[in-house]
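Reader: I have a new structure on my screen. Please show me how to read it, step by step.

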Amino acid sequence: MQHGPAVRRRKLGAELRALRSSAGLTSGEAARLVGWHQSKVSRIETGTSGVKPTDVRLLLDAYGVTDAQLCELLMMLAGAEDSDGRHHWWHAYRGVLPPTYRDFISLESQAGAMRTLETTVVPGLLQTPEYARAVTRAAVEGLPEDRLDTLVEVRLARQDVLRADPPLELSAVLDEAVLRREVGGPGVMARQLERLVEAARLPQVRLQVLPFAAGAHIGVTGPFVIFSFSSTSDLDVVVLDHLTSSLYLERKEDLQAYTEAFNALQIHALSPEDSLDFIAGTAAGA
């Protein structure tokens, strides 16, 4: 289990190593093509040192990689700007957001799909401003009002990934407790449930409710997120949130275990259609 930057470096290095191998080049030959020492290529491929976006571009050109989507993803993993030439918007919040949260947002912005199990609160990408404020205030006691405003602002800005072109594909399994826990009072909760109903109708969002009647399930150990990248599954990663940090699981065994767990949860949960009715019914009775 590693923190985000180490995971990204290692995954980026592994992908560059695979691309070099596919191009039929040794690390020494690749180094000569770009005018480096062989040790620099080795350090990049093992993830022991960081790599600049310009260096990634040199390597991709040397390997003859023409897949624009893959090139952009690898460049972004190295810290490049997005395809519109804009700096990552969360950089403006460096003084407010802890590194682990910035890492999470970075992965979220680059992923093609996100699967999440939520057992206590509504996923951040689907929260209303009032709900986000109540959750943040409860999670961080004694937070100054201006800092609270900023964290809510960040939470809402993250939701732009669902309106991007193409949008992030979100699959979420919500324990019934998420719908029953009254966060921020009846009014706030009623609006939040209405927001979930709206979200469930979006083509890029798949919501399923795991009712109490389903009994104990594999997700009782806690929530998790699986990020998937459309260009290559080798970059997929599982994120586990803790009170003061996030942990990233990248081993194939871990990815397989959590993927199988999520698939099992989807089977035991209500269908998206029945889940929509369930959420709407909960909202009507709220």
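This is a predicted model: local features need pLDDT of at least 70, side-chain atom pairs count only at pLDDT 80 or more; totals for chains, interfaces and linings use all residues.

Reader: Where does Gly-219 lie?

Author: Gly-219 sits in the loop between strand 3 and strand 4.

Reader: Is Gly-219 buried or exposed?

Author: The cut-off for buried is under 20% relative accessible area. Gly-219 has 2%, so it is buried. Look along the chain too. Gly-219 and Phe-262 are 43 residues apart, and their C-alpha atoms are separated by 8.2 Å.

Reader: Now the sheet. How do strands hold together in general?

Author: Strands of a sheet pair through backbone hydrogen bonds, either parallel or antiparallel. Here, six strands form an open sheet in the order 3-2-1-4-5-6, with mixed pairing. Strand 3 (205-210) and strand 6 (246-249) are the edge strands, each pairing on one side only. On average, neighbouring strands of this sheet are turned by 15 degrees against each other, direction ignored.

Reader: In what sense do strand 5 and strand 6 pair?

Author: They pair in the antiparallel sense, over four bridges. Val-238 has Leu-249 of strand 6 as its bridge partner. Asp-241 stands opposite Ser-246 in strand 6.

Reader: What packs on the sheet?

Author: Helix 6 (residues 99-110) does, touching strand 1, strand 4, strand 5 and strand 6. Its direction makes about 45 degrees with that of strand 6.

Reader: How do I read the two faces of a strand?

Author: In a regular strand the side chains alternate between the two faces of the sheet. Apply that to strand 4 (residues 224-228), where five of its five residues are buried. Phe-224, Ile-226 and Ser-228 are on one side. Val-225 and Phe-227 are on the other. Both faces of strand 4 are covered.

Reader: Why is strand 5 called largely enclosed by the rest of the structure?

Author: Count its residues: four of the five are buried, so strand 5 is largely enclosed.

Reader: Which residues have the most contacts inside the largest nonpolar core?

Author: Val-56, Leu-74, Leu-196 and Phe-227 do, in a core of 61 residues. Follow Leu-196. Not counting residues up to four places away in sequence, Leu-196 touches Val-122, Leu-126, Leu-174, Leu-179, Leu-207 and Ile-279. A second, separate core has 13 residues, among them Val-173, Leu-210, Val-238 and Phe-262.

Reader: Last, a helix pair. At what angle do helix 4 and helix 5 cross?

Author: The axes of helix 4 (residues 53-62) and helix 5 (residues 68-77) cross at roughly 150 degrees and come within 8 Å. The crossing is right-handed.

Reader: Which residues of helix 4 and helix 5 meet?

Author: On the helix 4 side, Pro-53, Val-56, Arg-57 and Leu-60. On the helix 5 side, Cys-71, Leu-74 and Met-75. By class, this contact has six nonpolar residues, no polar and one charged.

Terms used:
Residues are numbered from 1 along each chain as its sequence is written. Side-chain values use heavy atoms; hydrogens and water are left out. Axes are lines fitted to C-alpha atoms, for helices over the stretch in contact, and angles run from 0 to 180 degrees between N-to-C directions. Helices (H or I, at least four residues) and strands (E, at least two) are DSSP runs, numbered from the N terminus. A crossing is left-handed if the near helix is turned anticlockwise from the far one by less than a right angle, and right-handed if clockwise. Contact means heavy atoms within 4.5 Å. Ala, Val, Leu, Ile, Met, Phe, Trp, Tyr, Cys and Pro count as nonpolar, Asp, Glu, Lys and Arg as charged, and the others, Gly among them, as polar. A nonpolar core is a set of buried Ala, Val, Leu, Ile, Met, Phe, Trp, Tyr and Cys residues joined through side-chain atoms within 4.5 Å. Buried means under 20% relative accessible area, exposed over 50%, partly exposed in between (1.4 Å probe, protein chains only). Two strands pair if DSSP finds at least two bridges between them.
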